[in-house]
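Please work through each task before reading its solution.

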Amino acid sequence: MDVFALVLGVISLCSLGAKVSGQEGTCGGRLNAKDAGYITSPGYPNDYPPHQNCEWIISAPEPNQKIVLNFNPHFDIEKHDCKYDFIEIRDGDSESAELLGKHCGNIAPSTITSSGSQMYIRFTSDYARQGAGFSLRYEIFKTGSEDCSRNFTNSNGTIESPGFPDKYPHNLDCVFTIVAKPKMEIILQFLTFDLEHDPLQAGEGDCKYDWLDIWDGVPSVGPLIGRYCGTKTPSEIRSSTGILSLTFHTDMAVAKDGFSARYYLAPQEVPETFQCNVPLGMESGRISNEQITASSTYSDGRWTAQQSRLNSDDNGWTPNVDTNKEYLQIDLRFLTLLTAVATQGAISRETQTPYYVKSYKLEVSTNGEDWMMFRHGKNHKIFPGNTDPTEVVLNKIPQPVLTRFVRFRPQSWATGIAMRVELYGCQITDSPCSNMLGMMSGLISDSQITASSTREYLWSPGVARLVSSRSGWYAHIPVAQTGKEWLQVDLGTVKTVRGIIIQGARGGDSLPTTENRAFVRKFKVAHSLNGKDWDYILDLKTELAKQFEGNMHYDTPEVRRFEQVAAQFVRVYPDKWSPAGMGMRMEVLGCDRQEVKPTTETVKPTVKTEEVTTQNVSDEETTECGEACIDEFQYPPGFNCNFDHSDDVCSWTHDTNADFTWSFHPHSPWMGHSGSVAGNSKHYLRLPSTGRREGQHARLLSPKMYLPRTVLCMVFRYRASGSSGGTLQVLRKSSLENRLLWQMKEEQESDWREGRIILNSSKGEEEYQVVIDGIVGKGQPGEIAVDDIRIATDIPVEHCMEPLTAFSGQNPVFPQGGTLLPGSEPTVDTVSVQPIPVYWYYVMAAGGAVLVLVSVALALVLHYHRFRYAAKKSDHAITYKTSHYTNGAPLAVEPTLTIKLEQDDRDHSRC
């Protein structure tokens, strides 16, 4: 009987294992969403077989739970209007449930969330063409995540785990983002910290259960500063890139008290006599103990890496064994320009024995994994060290290097290895107008990064980001052509650009080393205001396109500066590259236009200026404050809304008289921070298009507004995906009229776009509301989406709308695809005025000066000839004599007038 039970148990385990393992690639089944899992088409990522009809039903454990699907971007199903091969998702447990989407082609669907606890999925293929198919992840929609995510823009504040000081909930994925203005430093200080501890934690950052990640930029895009768990409080963190993010993850098991931290923004104070040689914090303690590590430490625990601070009176760092394979490592946390290092030995407090390092090598890295040893020619550079244990020896870096990690590798020593050190340098952003404009931090989205060609078939633009990516952009160059390939960044708006940072690329560990590590040796830089008309950065000596020196190592970045230019688009053209190919990552350095004071050296963009007049405001009604009136009037609280939190529409309201309401939808984690994600928000408003709702409306009403004699700029983000032909329009609703302000009615791509509308009020006009109206169209299922509605006080009114066309009978095009309906009144008339370029004033002044000189010269010549003629006519003679000056001056000509009188022998009888 026991043997029989054992056999049954083995059979049960085998069948259970077959069931679990068969969820990926099997054709159908019933799945429980208690644990997240994956569904793939049969054979994925290889081509799926013909004649497939697979059905899956996913169920959540609790009836009040929802299910969320996220598709892998690698999506390939035969595209013929989804008639033959397709995947369809329904909001229920059968094929008769409401259709949430029917998809084919090679564009992966966006995130799909059920309204209940079950979801039906069907995949169908016919006998003809096949593709790679699909892969999707299903899991329970975590309602706690959106409740704990926040953006912080105030000058100071407190960030706490949900429920603090009580224990935090399970299954959280929270995002806290601190955003600072340019030239402001973010300082984060933790007050308490208690997360679940991993008893098998191998080292710092090895957290398996609950953890807090801190990012220098957008989560999962910018560089990871560190991962923290347990009870060890993180040290103070300072960031100058403009954005600092915290992501908090908890599992389903143990919960602790959580954390509390405060942040504040401090202006970066850089003196006019700034030099990049300030101590970076080993001696002062600004570099924390957790940032200092070593290959090993002496076994008695009295010579740790944390004791390696310059001028410390507590011994120093000593490895367990004195060999040249040992190292001392400092993590600066952020990219820093390293210009010098200082070293010192140590005297044992216990035995009074002196120890010091006589020579050492230096290694640097941007990520702690790819290292570059300083070289002198073809050999590693040996830095001279100390001659006694107390002397401080300073070594300047031959060529300052941009790095995050620094390693000291002792080569020779006296008695034994002992080191105390300091690092010197500065932040790259300490220089005037040298902010990192968003490639590394993620403020520049993937959709703003483009290239002439790519080596990889499935290329993600995010790999071209400085440091953030470990791979990089590789151009597709079967036959290398200098100046034909390029990598381009759209800054989103016109900026003052002063330089770039360029870095090599790493192709992947599966490739040979010769193909794995590539970089650009020489390159040119071009810039544009509109993405069409390009100018190169010029060499001031030759007035030709300047060729910049590139990289000598695939990991070490190089900073290249130039005279500031006004640009929205920046391109890098590689000229020469390494044998491994043309590989590159980059960042753009600059600042907002208003940060730079106009000087004779400031390059001004040749853009049109616009004179804006508003039809509804008469001259008598205009106030003296002009655009400052926007600040004087307080628009209704809650008008600005990013819809981060589910079911929270701020002070907006759903129109109960409409056919149905806008729904909340989370952004897809598959897509990262790309053009498909609206800023940093976690949710957006969504209007799904299905055949059942054709022609129906969903309306969102703003709070009532009464702002007489005020002109406002309303900004929002929108997109339309699929081919539903739906309509999105914005109206102005009052008791007197419903006026159409803006409309989008065309098939759009899936990228987010920005819409801008001018809102104005006349004196005595009554209150009104803004209406966001979505109308479901015909065609295949898709969606219309809206996010981040706000009154933009940072955008001048004249920039709130592009100039309207001057030709009658045409529909003027608004920014990003919106159109004005025929017969409707434009809110703003604009008149373009082309200013006279500054250099023409110099040309006219020079021309006037030349004209005056020519006139004076002509007068002198005429006067001279007249005098000669008069002298000749009167028989007078002009002679010249020379005179010698006693003061040693050169011989000069001194004119002398001699009058010669002669006797006239002619007959004067007629006189």
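**Exercise 1: A loop residue**

Thr-661 is found in the loop between β42 (653-654) and β43 (663-666), where strands (E, at least two residues) and helices (H or I, at least four) are DSSP runs numbered from the N terminus. The model is a predicted one, in which local features need pLDDT of at least 70, side-chain atom pairs count only at pLDDT 80 or more, and totals for chains, interfaces and linings use all residues. Residues are numbered from 1 along each chain as its sequence is written, and side-chain values use heavy atoms, with hydrogens and water left out.

Task. Determine whether Thr-661 is buried, partly exposed or exposed, and state which residues Thr-661 touches.

Solution. Step 1: apply the classes, in which buried means under 20% relative accessible area, exposed over 50%, and partly exposed in between (1.4 Å probe, protein chains only). Thr-661 has 42% relative accessibility and therefore counts as partly exposed.
Step 1: list the contacts, meaning heavy atoms within 4.5 Å. Leaving aside residues up to four places away in sequence, Thr-661 touches His-654 and Ala-698.
Step 2: compare sequence and space. Thr-661 and Arg-686 are 25 residues apart in sequence, and their C-alpha atoms are 9.3 Å apart.

**Exercise 2: A strand residue**

Task. Carry out the analysis for Phe-86, whose place is in strand β5 (residues 86-90).

Solution. Step 1: the relative accessibility of Phe-86 is 6%, so this residue counts as buried.
Step 1: not counting residues up to four places away in sequence, Phe-86 touches Ile-77, Lys-102, His-103, Arg-122, Phe-123 and Thr-124.
Step 2: Gly-105 is 19 residues from Phe-86 along the chain, and the two C-alpha atoms are separated by 8.4 Å.

**Exercise 3: Salt bridges**

Solution. Side chains of opposite charge can pair when their charged atoms come close. The criterion is a side-chain nitrogen of Lys or Arg within 4 Å of a carboxyl oxygen of Asp or Glu. A search of the whole structure finds 25 such salt bridges.
Step 1: take Glu-290 and Arg-333, whose side chains meet at 2.5 Å, N to O. This pair links distant parts of the chain, 43 residues apart: Glu-290 is in the loop between β19 (278-279) and β20 (292-294), and Arg-333 is in strand β21 (residues 328-344). Arg-333 is buried, with a relative accessible area of 5%.
Step 2: take Lys-522 and Glu-549, which meet at 2.4 Å, N to O. Lys-522 lies in strand β36 (residues 520-528) and Glu-549 in strand β38 (residues 548-549), so the pair ties together parts 27 residues apart in sequence. Lys-522 counts as buried at 18% relative accessibility, whereas Glu-549 counts as partly exposed at 45%.
Step 3: note the network. Glu-185, Glu-236, Arg-238 and Arg-286 are linked by salt bridges.

**Exercise 4: The largest nonpolar core**

Task. Which residues touch the most other members of the largest nonpolar core, and which element gives the most to this core?

Solution. Step 1: define the core as a set of buried Ala, Val, Leu, Ile, Met, Phe, Trp, Tyr and Cys residues joined through side-chain atoms within 4.5 Å. The largest one has 33 residues, and Trp-662, Met-714 and Ile-772 touch the most other members.
Step 1: identify the contributors. The elements that give two or more residues include β45 (697-701), β46 (711-721) and β50 (769-775). The most comes from β46, with five residues.
Step 2: Asp-773 pairs with Arg-699, the closest N and O atoms being 3.8 Å apart. Asp-773 lies in strand β50 and Arg-699 in strand β45, so the pair ties together parts 74 residues apart in sequence. Asp-773 is buried at 3% relative accessible area, while Arg-699 counts as partly exposed at 23%.

**Exercise 5: The whole chain**

Task. Summarise the chain and the confidence of the model.

Solution. Step 1: the chain has five helices and 54 strands. Buried residues make up 48% of its 911 residues.
Step 1: the average pLDDT (the predictor's confidence in each residue, from 0 to 100) is 77, and 75% of the residues score at least 70. Over residues 1-23 the pLDDT is below 50, and this stretch has four contacts in the model beyond near neighbours in sequence.
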